[in-house]
Amino acid sequence: MKILRTSSSTQRLALKLRSENKVIGFVPTMGYLHEGHISLIKTARKKADAVFVSIFVNPLQFGPAEDFTRYPRDFKHDEKLCNEAGADYIFYPDAKDMYPDDFSTYVDTENITNILEGKIRPGHFKGVTTVCLKLFNIICPHFAVFGQKDAQQLAVIRKMVSDLNLPLKIIKGDILREYDGLAMSSRNVYLSEEQRNDAPVLYKALSYAKSKISEGYNHDIDFLTHQMYKLIKSRHSVTKIDYIAFNDNRNLKPVESFKNLKKNTELLISIAVRFGKIRLIDNIVIKY
């Protein structure tokens, strides 16, 4: 496995591999890898001749009050996990390489970014789409793998790829969970003991909604949301619920009634909850 530090040398290598008819798979990350990331790399390994992983904590997707400087970093650990998972290359640039002093071009995917995470974190997805387009142009992948845990991010990237006619496929990787249902996340390391004990309530609330819907519940979404809200707020370390939302998983349009859902609709139920200063997201998809 090789470490690549500059965008120019990485792009030259990627174009050489493509000229040799090698299939390039790509997994973009911000580092501090866990088993969820490893599953994405292994998915890419099964389909690609060359697997690239990027490790770059992207400053553009952090708001002024967010945790860019505190975001956990451990490159040696990441390097070990990437090697064990079968990655061929790690693209590990610095911010100056990605965003030189005269950088002034951004990608902004409208409408789909005005809800859920985009509403809570203005400008976040502008940073995500900008860095992803740059990474796609540098690494030239045939496909890229994104995790379902960041469901809106997945939908936004798919929309950007479609709208801009980018020649790559976006593959979804399933959410990996801890033994108690908590979705794996780099931010879990910030949780106190009490917060960690309470955090699985996110998945419990999602599972409650799924079980009710599976049993045939097709009444008021507001009532089901209220029941989920009460369950989550029953945990002492929960300080705020940013949202509990029901959307069409394909286009993120809000779902206002179960009765109007068509056959084969994918219902995305997503939540964002704060445990003190730590903000966690989770979701579940139900196929009708």
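Lys159 is partly exposed, at 38% relative accessibility. Here buried means under 20% relative accessible area, exposed means over 50%, and partly exposed lies in between (1.4 Å probe, protein chains only). The model is predicted, so local features need pLDDT of at least 70 and side-chain atom pairs count only at pLDDT 80 or more, while totals for chains, interfaces and linings use all residues. Residues are numbered from 1 along each chain as its sequence is written, and side-chain values use heavy atoms, with hydrogens and water left out.

Lys159 forms a salt bridge with Asp163 (3.3 Å, N to O). A salt bridge is a side-chain nitrogen of Lys or Arg within 4 Å of a carboxyl oxygen of Asp or Glu. Both residues sit in helix H7 (residues 151–163). Because they are 4 residues apart there, about one helical turn separates them. Helices (H or I, at least four residues) and strands (E, at least two) are DSSP runs, numbered from the N terminus. Asp163 is partly exposed, with a relative accessible area of 42%.

By this rule, the count is 15 salt bridges. Side chains of opposite charge can pair when their charged atoms come close. Asp282 lies in strand E9 (residues 278–287), and Arg177 in the loop between E6 and helix H8 (193–198), so the bridge ties together parts 105 residues apart in sequence. The two ends differ in class. Asp282 is buried, at 3% relative accessibility. Arg177 is partly exposed, with a relative accessible area of 23%.

The side chains of Asp180 and Arg196 also meet in a salt bridge (2.9 Å, N to O). Asp180 belongs to the loop between E6 and H8, and Arg196 to helix H8, so this pair ties together parts 16 residues apart in sequence. Asp180 is partly exposed, at 24% relative accessibility. Elsewhere, salt bridges link Glu117, Lys240, Asp242, Arg274 and Arg279 in a network.

A patch of positive charge lies on the surface, where Lys42, Lys46, Lys47 and Lys169 gather. Patches are made of residues with over 30% relative accessible area and no salt bridge; like charges are joined within 9 Å, and nonpolar side chains (Val, Leu, Ile, Met, Phe, Trp, Tyr) within 5 Å. Accessible areas come from the Shrake-Rupley method with a 1.4 Å probe; for residues, only the protein chains shown count as cover. Lys and Arg count as positive and Asp and Glu as negative, with His and the chain ends not counted. The place of a charge is taken as NZ of Lys, CZ of Arg, CG of Asp or CD of Glu. Helix H2 (residues 35–47) supplies the largest share of the patch, 3 residues. Lys169 is placed in strand E6 (residues 169–173). Lys169 is exposed, at 54% relative accessibility.

A disulfide is a pair of cysteine sulfur atoms within 2.5 Å. By this rule, the count is 0 disulfides. Cys82 is in none, and the nearest cysteine sulfur, that of Cys132, is 16 Å away. Cys82 is buried, at 0% relative accessibility. For Cys140, the closest cysteine sulfur is also in Cys132, 15 Å away and too far for a bond. Cys140 is buried, with a relative accessible area of 14%.

Phe223 lies in helix H10 (residues 221–233). Phe223 is partly exposed, with a relative accessible area of 44%. Phe223 and Ser162 are 61 residues apart in sequence and 36 Å apart in space, C-alpha to C-alpha.
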